[in-house]
Amino acid sequence: MGKKKQIHLNGFVQNSPSPHSTGLWKHEKDEGTKHNRLSYWTETAQVLERGLFDAVFIADVLGTYSKYGNSHEAAVRHAVQLPAHDPLLIISAMAQVTEHIGFAPTVSTTYAQPYALARQLSTLDHLTEGRLGWNVVTSYLESEAVNLGLSGRLPKSQRYDRADEFLEVVYKLWEHSWEDGAVVYDREGDTFADPSKVHAIRHHGEFFDVPGIHLTEPSPQRTPVLFQAGASPRGRDFAAKHAEAVFTKGHSLQALKDYSADLRRRTAAFGRNPDDIRIFPMVLPIVGSTEEEAYQKHEDLKNHVSYEGTAALLSGHTGIDFSQYDPDQYIEDIETDAVQGNLDMYTKDPNKKWTLREAVLNHGLGNGTAKFIGTPEQIADRIEEWATVGDADGFNIAQSYSLETFREFVDHVVPELQKRGIYRTEYEGKTLRENLFGTGSSYLPDSHPARQISTLVK
Ligand SMILES: Cc1cc2nc3c(=O)[nH]c(=O)nc-3n(C[C@H](O)[C@H](O)[C@H](O)COP(=O)(O)O)c2cc1C
């Protein structure tokens with residue numbers, strides 16, 4: 001019998017109190033208000049490494065959820081992904097106390113500059129010894145745009161145009177500016193690095209002009225592992241072209257199955273191996289020692305959700321001002337420049353029409369993603385089913401109360417996955433890419449577009 005399909009796990013965090021379960025900072029088991037201390041992050045990384053997770057995935061936004069009532073008040077009052085501390089600055093501390101787990105921070109191509117970001121991420125790939133990923137996003141909040149020098153949020157197609165060129169620039173810097181062996185440390189020859197092996201990228205495009213060389217010598221993975229979560233047709237094509245791991249959110253196995261098939265088809269259309277992309281649905285686990293206990297826990301968690309805070313979160317996610325809505329009103333089906341997938345969850349559900357109240361109650365835990373509720377065995381059953389039938393390669397584990405959700409999952413569900421032979425009992429590789437794709441794969445494969453633009457750089 002062949003080896004069973006192995007699953008991968010990421011821990012989904014953000015540098016805010018209870019970022020993905022609005023209001024849960026009030027729960028007695030929640031420690032998210034300590035997110036402004038290094039000890040909170042070093043412990044997060046250690047708990048997840050004990051559970052042999054692939055990566056700590058750090059979401060981020062650069063603005064407030066102020067679509068709701070055209071004001072930041074609800075977001076401030078209910079800590080709606082606010083305070084929003086920086087995702088990159090916590091990584092070195094986590095790397096220092098761990099050996100294997102990777103770190104995938106979110107940085108937006110709409111507001112960063114590729115030349116500067118390439119340097120920051122290379123620095124972190126060096127410092128983590130090859131354990132860095134990057135969640136590439138194009139951002140969806142109006143409040144990000146207006147505070148970062150734009151008059152308003154760019155239309156989605158323009159955001160992805162810019163993201164495409166952004167990646168072209170960083171690929172040139174990471175993969176083609178410094179040749180292997182450029183750094184020689186030759187004391188006698190008075191040469192640190194050989195200039196004939198370090199190339200200016202001479203990039204001149206629609207959004208960026210970067211004529212020079214990369215400021216950093218090649219890091220262990222060169223390009224950090226590329227994560228993405230595009231959901232619109234354009235977003236999926238972007239992911240299919242560039243991403244090595246994708247995140248998706250949804251209620252059902254059927255939705256996951258459709259998404260996986262579509263994404264693998266699109267990946268092949270870009271000349272890539274469809275298995276070179278790892279699919280991670282987001283899941284909120286609610287574990288109990290009995291099924292009944294797990295469902296009781298779910299009720300208790302729901303009682304801690306902030307209604308107004310979640311309505312503000314949902315307004316930011318969907319681009320609709322729900323302060324104008326009656327709670328029993330059905331959510332309207334529109335085209336949005338915010339996160340279409342988040343709106344579609346409540347407008348294109350084949351099983352029911354969602355009122356605002358129902359959507360808020362669902363969205364308040366794990367940002368509305370699928371919840372796996374039950375005993376460790378029952379949760380492991382669903383994980384197996386979603387991996388085999390839904391074609392997931394792994395799961396992005398969200399939290400209700402912060403840190404304790406991870407501890408419960410690591411202590412109770414991980415051993416059950418291991419017992420079934422579908423989860424590692426030790427890390428395979430040294431770098432994040434090796435842990436995701438197997439030893440000997442620290443660099444991007446040659447079929448990836450980053451590897452195929454070398455002729456442009458000389
Ligand atoms: C699990 C998950 C995590 C995400 N994290 C972020 C994030 O941290 N910051 C962000 O701006 N967008 C984030 N997004 C939004 C996506 O980047 C993307 O914009 C969204 O899925 C909609 O896709 P589209 O842009 O193709 O419409 C996330 C999406 C998912 C499913």
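Buried here means under 20% relative accessible area, exposed means over 50%, and partly exposed lies in between. The model in your viewer is predicted. This tour goes through its salt bridges, of which a search of the whole structure finds 32.

Start with D393 and R264. Their side chains form a salt bridge, with the closest N and O atoms 2.9 Å apart. Both D393 and R264 are buried. To place them, colour helix α8 (residues 253–269), which holds R264, and then the loop between α13 (376–388) and β13 (394–397), which holds D393. The two residues are 129 apart in the chain, and the pair links these distant parts.

Next, select D164 and K241. The side chains meet in a salt bridge at 3.3 Å, N to O. D164 sits in helix α6 (residues 156–177) and K241 in helix α7 (residues 233–242), so this contact ties together parts that are 77 residues apart in sequence. K241 has a relative accessible area of 26%, which makes it partly exposed.

Move on to R357 and D328, whose side chains make a salt bridge of 3.1 Å, N to O. R357 belongs to helix α12 (residues 356–363), while D328 is in the loop between α10 (307–318) and α11 (340–347); 29 residues separate them.

Finish with a group selection. Which residues join R236 in a network of salt bridges? Show D237, D262, R265 and R266 alongside R236 to see the linked set.

Notes. Residues numbered from 1 in each chain as written. Predicted model: local features only at pLDDT ≥ 70, side-chain atom pairs only at ≥ 80, totals over all residues. Heavy atoms only, no water. Salt bridge = Lys/Arg side-chain N within 4 Å of Asp/Glu carboxyl O. Helix = DSSP H or I, 4+ residues; strand = E, 2+ residues; numbered from the N terminus. Buried < 20%, exposed > 50% of the residue type's maximum accessible area, 1.4 Å probe, protein only.
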